[in-house]
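Subject: Structure for you to look at

Hello,

Please find the structure below. Have a look at it first, then read the notes that follow.

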Amino acid sequence: ESITVNTHGSSYDVHIGEGAYHLFGTKYHEFIRSFDQVVVLTDETVASIHLDLLLQELKPIARQLSVKRIPAGEKAKTIENFYDCQTFLLEQNCTRKSVIVAFGGGACGDLAGFVASTFMRGIPFIQCPTTILAHDSAVGGKTAINHEDGKNMIGTFYQPAAVIYDVRVLTTLSEQEVRSGMAEVIKHALISNPDWLDELMGISSFDDMTMVELKRHLAYGIAVKAAIVEEDEREQSVRKYLNFGHTYGHAIEAAGGYGSITHGEAVMLGMVYELIASERFGNVQKGFTDQFIDYAKHLGYPFPTINRLPFVELLKYMEKDKKASFGAVQFALLDQVGKPFLQVIDADELERLDREFRDRVG
Ligand code: NAD
Ligand code: ZN
């Protein structure tokens with residue numbers, strides 16, 4: 001199955017399926033042959049479990065192949081690793097005719113994309129996402145590393161040449177990483193499609209999901225993201241809707257300390273907060289939010305985390321968010337499921353909503 005993403009500068013396909021890596025030997029054979037070298041940038045953990053699956057396809061066709069392992073997880077996205085990757089590319093004698101293959105989750109993809117976009121002013125890269133969450137991060141062309149003073153503060157808009165998403169690798173994800181990724185799938189449903197959301201809300205345990213079902217949800221999610229990115233690549237308008245759950249969610253992630261809670265888990269808490277805000281500013285029904293809270297709790301999202309994060313801390317991060325402008329905090333809220341809109345909220349109202357959030361999830 002494939003979804004085409006058309007942006008102003010480029011058009012690329014996102015392929016999803018069991019065995020999608022075979023496409024390197026078929027559809028992408030000529031493309032890979034057109035490069036003097038293929039460099040796989042991969043996360044250590046992913047490499048240790050799955051690298052053979054990928055190399056098996058690339059080895060026979062690449063003119064030259066090298067592999068650079070980077071630390072697993074968020075630790076990948078540092079200026080030091082960025083520089084280290086550039087050094088590696090130079091040592092391997094890469095040129096503007098070389099290509100990077102990002103093989104890992106969102107962190108690896110964000111770093112590899114940024115490396116690709118800057119090495120010799122930009123060389124092509126292919127995303128091979130290995131997490132559920134990366135159905136989101138691998139599509140849309142945002143690349144980034146972190147600064148000490150803020151996550152994703154250094155980056156580019158740089159679209160991949162292709163996304164090849166082989167779902168075979170997803171079977172080794174931890175329970176926590178499944179929860180993290182599924183939160184972004186649920187976000188894509190909340191901002192786009194009540195029927196699909198109903199279906200997702202029928203899931204009582206992620207363990208019960210079959211690979212066929214998971215693949216379908218991921219393909220829906222990618223289609224939602226692709227349509228939005230096509231309309232607004234640079235986040236001037238509708239792309240902001242993808243931030244649903246992320247304003248409060250990012251604050252939780254930052255205040256809690258990255259690593260103590262996953263991105264998606266923080267976003268799930270953020271979506272509940274922003275649903276409560278959507279009752280106030282949109283037409284979301286309280287009954288719906290309460291049902292959604294029960295659903296999220298049942299799936300094991302870590303609501304008690306909020307107890308160790310005081311509102312003043314969260315506010316500090318919300319006000320620092322790069323989507324904030326002129327002091328007020330802008331949110332993507334829902335008028336109803338499938339109907340997002342943008343709303344500026346002041347600090348007093350944020351605090352009131354925060355109290356309500358803690359009451360209702362506690
Ligand atoms: P991740 O890349 O840190 O991966 C999470 C963990 O899972 C890591 O420890 C990794 O080693 C492990 N892992 C990856 N694939 C595995 C597999 N198949 N089997 C077993 N373990 C595996 O995190 P993520 O959740 O994929 O992505 C989060 C990152 O994505 C954040 O840095 C976030 O900022 C970024 N992000 C970017 C965008 C974007 O548009 N560019 C969107 C959303 C998130
Ligand atoms: Zn996200």
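Which residues are the protein donors of the zinc ion (ligand 2)? They are Glu184, through OE, and His246 and His263, each through NE2. The donors lie 1.8 to 2.1 Å from the zinc ion. Please keep in mind that this is a predicted model.

Along the sequence, the spacing of these donor residues is E-x61-H-x16-H. Glutamate 184 belongs to helix α6 (residues 175-190) and histidine 246 to helix α9 (residues 246-256), so this pair ties together parts that are 62 residues apart in sequence. Both glutamate 184 and histidine 246 are buried, meaning under 20% relative accessible area.

Next, ligand 1. The shell around ligand 1 has 26 residues, and the closest are Asp43, Glu74, Gly106, Thr131 and Thr172. By type, the shell divides into seven nonpolar, ten polar and nine charged residues.

- Threonine 131 has a polar side-chain atom 2.6 Å from an oxygen atom of ligand 1.
- Threonine 130 has a side-chain N or O atom 2.8 Å from a nitrogen atom of ligand 1.
- Aspartate 110 has a polar side-chain atom 3.0 Å from a nitrogen atom of ligand 1.

How much of ligand 1 does the protein bury? On its own, ligand 1 exposes 860 Å², and the protein buries 89% of that. The elements that contribute two or more residues to the shell are α2 (44-58), α4 (106-118), α5 (134-137) and β8 (150-157). Helix α2 gives the largest share, four residues.

Is strand β9 mostly covered or mostly open? Strand β9 is mostly covered, with five of its five residues buried. In a regular strand, side chains alternate between the two faces of the sheet. In β9, Ala162, Ile164 and Asp166 point one way, while Val163 and Tyr165 point the other way.

Which strands pair with β9? Strand β2 (residues 11-17) runs parallel to β9 and is joined to it by four bridges. Isoleucine 16 stands opposite tyrosine 165 of β9. Strand β6 (residues 125-129) also pairs with β9 in the parallel sense, over two bridges. Here glutamine 127 has valine 163 of β9 as its bridge partner.

Best regards

How values were computed
Residues are numbered from 1 along each chain as its sequence is written. Chains are lettered from A and ligands numbered from 1 in the order in which they are written. This is a predicted model: local features need pLDDT of at least 70, side-chain atom pairs count only at pLDDT 80 or more; totals for chains, interfaces and linings use all residues. Side-chain values use heavy atoms; hydrogens and water are left out. A residue is near a molecule or strand if one of its heavy atoms lies within 4 Å of it. A polar contact is a pair of N or O atoms within 3.5 Å; within protein, one must be able to donate a hydrogen and the other to accept it, and residues adjacent in sequence count only if both atoms are side-chain atoms. Accessible areas come from the Shrake-Rupley method with a 1.4 Å probe; for residues, only the protein chains shown count as cover. Ala, Val, Leu, Ile, Met, Phe, Trp, Tyr, Cys and Pro count as nonpolar, Asp, Glu, Lys and Arg as charged, and the others, Gly among them, as polar. Donors are N, O and S atoms within 2.8 Å of the metal (3.2 Å for Na, K and Ca); water is not among the atoms, so sites may look incomplete. Buried means under 20% relative accessible area, exposed over 50%, partly exposed in between (1.4 Å probe, protein chains only). Two strands pair if DSSP finds at least two bridges between them.
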